[in-house]
Each structure stands twice: as structure tokens, then as C-alpha cells.
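Me: Please take one part of this model and go through it closely, step by step. I would like to know what surrounds it and how it sits in the rest of the chain.

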Amino acid sequence: MTELLAVITITLLAVISPGPDFAMVTRNSLVLSRRAGLLTALGIGLGVLIHVGYTILGVGVLIQQSLWLFQTAKWIAAIYLVYLGIGMLRARPGGSLAEGRTAPLSDLAALRMGLLTNALNPKTTVFIVSLFMQVVRPDTPLATQIGYGAFIAAAHIGWFSLVAVCLSTGPVRARLLAVRHWIDRVFGALLVSFGVLLAVARGAR
């Protein structure tokens, strides 16, 4: 019971902390649609399952202990965030899509965006691996560990879906759509900042 409470508490605290996942869901919900925000949240949950999967298999420990692997994952994540951020910074209040206006996002693209944002985040790697190494006992049954992983993914999906629903309500979104290019630019700057900070961070394992 103590182990379960620890997993629940640590997970909930980690989920609500601001980061690239929150920025991505918020941006897609405000600028695009509730559907885009919800699919982004679902993609984030799928990304969490990837982290859980390789952690249970033991690969997560290898990544955490290998400086080369960790640095590679960190740089890939940083490049991806900067790439997304620069695209948002190009948003314009008018003009064609080629000139940088916010483009529609397919369901698959929204899902993929959430999945990659989370799956490429080395901080999620550290969170999941540390949780399973320091909180979950070695003799905990595999089925229970899988259950923990499912809960962690569900917590991410639930929280970010709530964020998506709240931010895409009619009155809120209607007022913000007129300045959606500024919203894109703000979140683009945030993603670029996250990417740069991730790239220059040292010893954050």
C-alpha cells in the first residue's frame, strides 16, 4: 500500500508540473481545437507507455547509466522542440499558410506531436526510471508494475485532457482566437527555450 501511495503521489506531482507537454496541449487546444488538444494528450500518454515499456525491460537503466545514450536522447529532444518552436514563431495574423499562418492539424499529426514531445523528453526517462528503481521494489510482480505504468499513462492523459477541455471552452477560446498568432509565438518561444535549456543542461540525470 505504501508503494502504491508513493507511485500515485509522485506521478500526480510530476504530471501537473509545467513543461513541453503542457505547452503543447495548451497551444493546440487554444489555437487549433479541443479535438487537437485531446489527441495531443492521448499521444502524450502513449509516449509515457514507451518510457514505461523500456524501463520494465531494463533498457531505461542502460540509458540512465550511459552518458552517450543520454546525451544523444537529450540532443534529439532539444532539436525537436526547437524545430516545433521555430515553426510556431513564424505564425502570422493573416496571409497564406506558406507565409506562416497557423495550419490545420490532422488527427494523426496531433497524436504524433504529443507522442514525440513526450517520448523524446529525457526528463520523462529520468522520472520513470527513477520511480521504478527507487520506489517500486524489485520483488513487485510484473503485473503490478505494468499496472503502475498504465496508471502513470492514464494520469497524463486525464490531466492533459482536462487542460484541453478547459482551455477550449467557447468563451475562453473565442476571445483568444483573435490573437492566436501571438499565442503561437508565445508557445513557440517557450518550446525553443525548453529545447535550449535541455541542450545546455549538464548532469541532469
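Reply: Two residues are in contact, or touch, when heavy atoms of one lie within 4.5 Å of heavy atoms of the other. The model is predicted.

Start with Y80, a residue of helix 5, which spans residues 67-89. Leaving out residues up to four places away in sequence, Y80 touches R112, M113, L116, T117 and L120. Take L116 from that list: 36 residues separate Y80 and L116 along the sequence, while their C-alpha atoms are 8.5 Å apart in space. Is Y80 buried or exposed? The cut-off for buried is under 20% relative accessible area. Y80 has 14% relative accessibility, so Y80 counts as buried.

The setting comes next. The chain has 10 helices and zero strands. Buried residues make up 44% of its 205 residues. Among contacts between residues at least 6 apart in sequence, 85% join residues at least 24 apart.

T26 is found in helix 2, residues 20-32. At 5% relative accessibility, T26 is also under the cut-off and therefore counts as buried. Apart from neighbours within four places in sequence, T26 is in contact with V163, L167 and F187. V163 and L167 belong to helix 8, which runs over residues 142-167. F187 belongs to helix 10, residues 180-200.

Helix 8 also meets helix 7. The axes of helix 7 (residues 122-134) and helix 8 come within 12 Å and cross at roughly 145°. The crossing is right-handed. From helix 7 the contact uses F127, I128, L131 and F132, and from helix 8 it uses Q145, Y148, G149, I152 and H156. By class, these residues are six nonpolar, three polar and no charged.

Helix 1 (2-16), helix 2, helix 7, helix 8 and helix 10 each supply at least two residues of the lining. Sorted by class, the lining has 11 nonpolar, six polar and two charged residues.

Technical notes:
Residues are numbered from 1 along each chain as its sequence is written. This is a predicted model: local features need pLDDT of at least 70, side-chain atom pairs count only at pLDDT 80 or more; totals for chains, interfaces and linings use all residues. Side-chain values use heavy atoms; hydrogens and water are left out. Axes are lines fitted to C-alpha atoms, for helices over the stretch in contact, and angles run from 0 to 180 degrees between N-to-C directions. Helices (H or I, at least four residues) and strands (E, at least two) are DSSP runs, numbered from the N terminus. A crossing is left-handed if the near helix is turned anticlockwise from the far one by less than a right angle, and right-handed if clockwise. Ala, Val, Leu, Ile, Met, Phe, Trp, Tyr, Cys and Pro count as nonpolar, Asp, Glu, Lys and Arg as charged, and the others, Gly among them, as polar. Buried means under 20% relative accessible area, exposed over 50%, partly exposed in between (1.4 Å probe, protein chains only).
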